[in-house]
Amino acid sequence: MRSKLFFATLLVLCSAAYAQDPKPYQTGKLLQVDAVPCSNSHGSQQALCQQYVLETDSVVFHIRPKQQKHAVVLPVHERAQFRIEKGNLMMHMDGVDNKEREYVIVSLGPRSETSSADAAPLRVNHLQ
């Protein structure tokens with residue numbers, strides 16, 4: 001009986017060792033936060049939800065906290081670490097509380113140089 005338990009435990013440990021690692025984090029910057037009407041409110045007054053703009057090197061995400069009741073206000077213009085899992089964005093920020101929170105991706109699109117706060121000024125001609 002003990003040998004069966006030992007081999008079962010060994011099998012679980014070995015399978016956990018070969019399990020797929022979580023996807024690595026990407027880095028982005030929170031550009032802004034807006035209060036937008038929630039799409040799932042059931043009252044006569046329309047509740048407001050936090051919606052963030054998260055910019056990476058190539059993509060701009062518009063995201064909302066999945067759990068609005070427990071939403072934490074995140075600092076704008078700060079770096080965030082995130083990964084995509086099952087269509088949702090899993091994000092944490094080092095300066096907040098290091099917890100990973102789940103966000104719903106409302107929309108996304110390619111980053112254009114004009115959308116970045118760090119973009120160089122546009123030059124009209126070569127004399128400028």
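V36 stands opposite C49 in β2. This is a predicted model, in which local features need pLDDT of at least 70, side-chain atom pairs count only at pLDDT 80 or more, and totals for chains, interfaces and linings use all residues. Residues are numbered from 1 along each chain as its sequence is written, and side-chain values use heavy atoms, with hydrogens and water left out.

Strand β1 spans residues 26-37. Its pairing with β2 is antiparallel and runs over eight bridges. Strands count as paired if DSSP finds at least two bridges between them.

Strand β2 covers residues 48-55. Seven of its eight residues are buried, so the rest of the structure largely encloses this strand. Buried means under 20% relative accessible area, exposed means over 50%, and partly exposed lies in between (1.4 Å probe, protein chains only).

β2 also pairs with strand β3, residues 59-65. That pairing is antiparallel too, over four bridges. Here V53 stands opposite H62 in β3. Three residues separate β2 and β3, and the two strands form a hairpin.

## The disulfide

A search of the whole structure finds one disulfide, defined as a pair of cysteine sulfur atoms within 2.5 Å. The bond joins C38 to C49, with an S to S distance of 1.5 Å. C38 sits in the loop between β1 and β2, and C49 in strand β2, so the pair ties together parts eleven residues apart in sequence.

The torsion about the S-S bond of C38 and C49 is about 110°, so the disulfide is right-handed. Both ends are covered: C38 is buried at 6% relative accessible area, and C49 is buried at 4%.

## The chain as a whole

From the N terminus on, the order is α-β-β-β-β-β-β. These elements are DSSP runs, numbered from the N terminus: helices are H or I with at least four residues, strands are E with at least two.

Of the 128 residues in the protein chain, 27% are buried. The chain exposes about 9,800 Å², and carbon and sulfur atoms supply 56% of that area. Accessible areas come from the Shrake-Rupley method with a 1.4 Å probe; for residues, only the protein chains shown count as cover.

Contact means heavy atoms within 4.5 Å. Among contacts in the protein chain between residues at least 6 apart in sequence, 51% join residues at least 24 apart.
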